[in-house]
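I opened the file to look up a handful of local features. The notes follow in the order I took them.

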Amino acid sequence: NFLIINVDQQDAVVFVDNNYVGNGFVEVPLQIGQEHTYKIECDLYYTESGKLMMTDGDPVEKTINLRPAHGFINVNTEPEEGAIIYIDGKKVGTSPYKSDKLASGTYKVKALMTMYNPVEQTITVTDGNTTQATLNMSANFVNVTINTDADADIYIDDEFKAKGAWSGRLSEGTHFFETRKDKHRTQYKNVNLVLGINETINMKNLEPIYGFLELRSNP
């Protein structure tokens with residue numbers, strides 16, 4: 001008679017009497033009146049095995065739903081999304097992140113983002129479940145606003161930023177601010193930025209370094 005095994009995972013490997021017979025769906029002729037064994041293996045699922053007695057008549061059918069040995073992780077980051085996500089040291093995507101199947105167990109999840117301190121958390125994945133993880137990142141920047149002449153160029157640490165006014169984020173510590181304008185004296189200022197304290201920097205109007213020449217002739 002025939003033994004028909006239908007597994008819900010089409011890539012599952014099926015063995016009958018310790019012999020490989022196919023993947024997912026198999027139909028195998030077996031001697032009736034004898035006991036036979038079967039085993040189904042699949043990555044990220046628990047192995048299923050058993051015994052059965054083949055009888056005469058209609059084919060013997062078994063439908064097997066494998067039990068998951070995996071779960072999923074959903075990772076969000078606060079106060080902002082877009083952080084690079086690593087799982088056990090491997091870059092996997094950016095937040096908000098939804099993982100593929102992961103073998104049940106514990107993982108180290110890390111988030112990296114410019115202007116934020118790295119954050120790492122140990123996450124446990126359980127069979128058939130989705131673990132929600134929110135990584136709270138602490139800021140490593142100061143909000144800075146600079147005002148100057150409308151036509152003056154603003155440089156920070158010798159890098160051009162804008163003309164007239166600029167607002168943005170800078171890392172903590174000392175930064176070198178300049179405002180430049182053709183035929184005017186450049187203004188300089190060193191400012192030590194402290195986390196948690198927003199900074200507004202008003203640069204003086206630039207002083208001209210040109211004058212006028214008046215010529216008279218006689219007669």
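**Entry 1: a glutamine in a loop**

I began with Gln9, whose side chain makes a polar contact with the side chain of Tyr45 at 3.3 Å. For a polar contact I took a pair of N or O atoms within 3.5 Å; within protein, one must be able to donate a hydrogen and the other to accept it, and residues adjacent in sequence count only if both atoms are side-chain atoms. I note here that this is a predicted model, where local features need pLDDT of at least 70 and side-chain atom pairs count only at pLDDT 80 or more, while totals for chains, interfaces and linings use all residues. Residues are numbered from 1 along each chain as its sequence is written, and side-chain values use heavy atoms, with hydrogens and water left out.

I placed Gln9 in the loop between β1 (2–7) and β2 (13–16). Strands here are DSSP runs of E with at least two residues, and helices are runs of H or I with at least four, numbered from the N terminus. Is Gln9 buried or exposed? Gln9 has a relative accessible area of 17% and is therefore buried, given that buried means under 20%, exposed over 50%, and partly exposed in between (1.4 Å probe, protein chains only). I then listed what Gln9 touches: Gly24, Cys42, Tyr45, Leu66 and Lys101, with residues up to four places away in sequence not counted. Contact means heavy atoms within 4.5 Å.

**Entry 2: backbone exceptions**

Next I went through the backbone angles. Most residues other than glycine have a negative phi, and most peptide bonds are trans.

I found a cis peptide bond from Ser95 to Pro96, with omega near 0°. Pro96 sits in the loop between β10 (90–94) and β11 (97–98). Another cis bond joins Asn218 and Pro219, with omega about 10°. Pro219 belongs to the segment after β22 (199–202).

For positive phi, I noted Asn18, which is not a glycine and has phi near 65°. Asn18 is in the loop between β2 and β3 (19–23). Its relative accessibility is 67%, so Asn18 counts as exposed.

**Entry 3: two antiparallel pairs**

I looked at the strands on either side of Asn18. β2 and β3 run antiparallel and are joined by four bridges; two strands pair if DSSP finds at least two bridges between them. Phe15 stands opposite Tyr20 of β3.

I then asked which sheet order contains these strands. Four strands form an open sheet in the order β3-β2-β5-β6, with antiparallel pairing. β3 and β6 (48–53) are the edge strands, each pairing on one side only. On average, neighbouring strands of this sheet are turned by 25° against each other, direction ignored. The axes are lines fitted to C-alpha atoms, for helices over the stretch in contact, and angles run from 0 to 180 degrees between N-to-C directions.

The other pair I checked was β20 (173–180) and β21 (187–193). Seven bridges join these antiparallel strands, and Phe176 stands opposite Asn190 in β21. β20 and β21 form a hairpin with six residues between them, and Lys183 in the turn has a positive phi of about 60°.

**Entry 4: salt bridges**

How many salt bridges are there? I get 10, where a salt bridge is a side-chain nitrogen of Lys or Arg within 4 Å of a carboxyl oxygen of Asp or Glu.

I wrote down Asp153 with Lys163, whose closest N and O atoms are 2.6 Å apart. Asp153 lies in strand β17 (residues 153–156) and Lys163 in strand β18 (residues 159–163), so the pair ties together parts that are 10 residues apart in sequence. Lys163 counts as partly exposed, at 49% relative accessibility.

Glu41 and Lys39 form another salt bridge, with closest N and O atoms 3.4 Å apart. Both ends are partly exposed: Glu41 at 32% relative accessibility and Lys39 at 30%.

For Lys161 and Glu159 I have 3.8 Å between the closest N and O atoms. Lys161 is partly exposed at 28%, and Glu159 is partly exposed at 47%. Salt bridges that share partners also join Asp158, Glu178 and Arg180 into one network.
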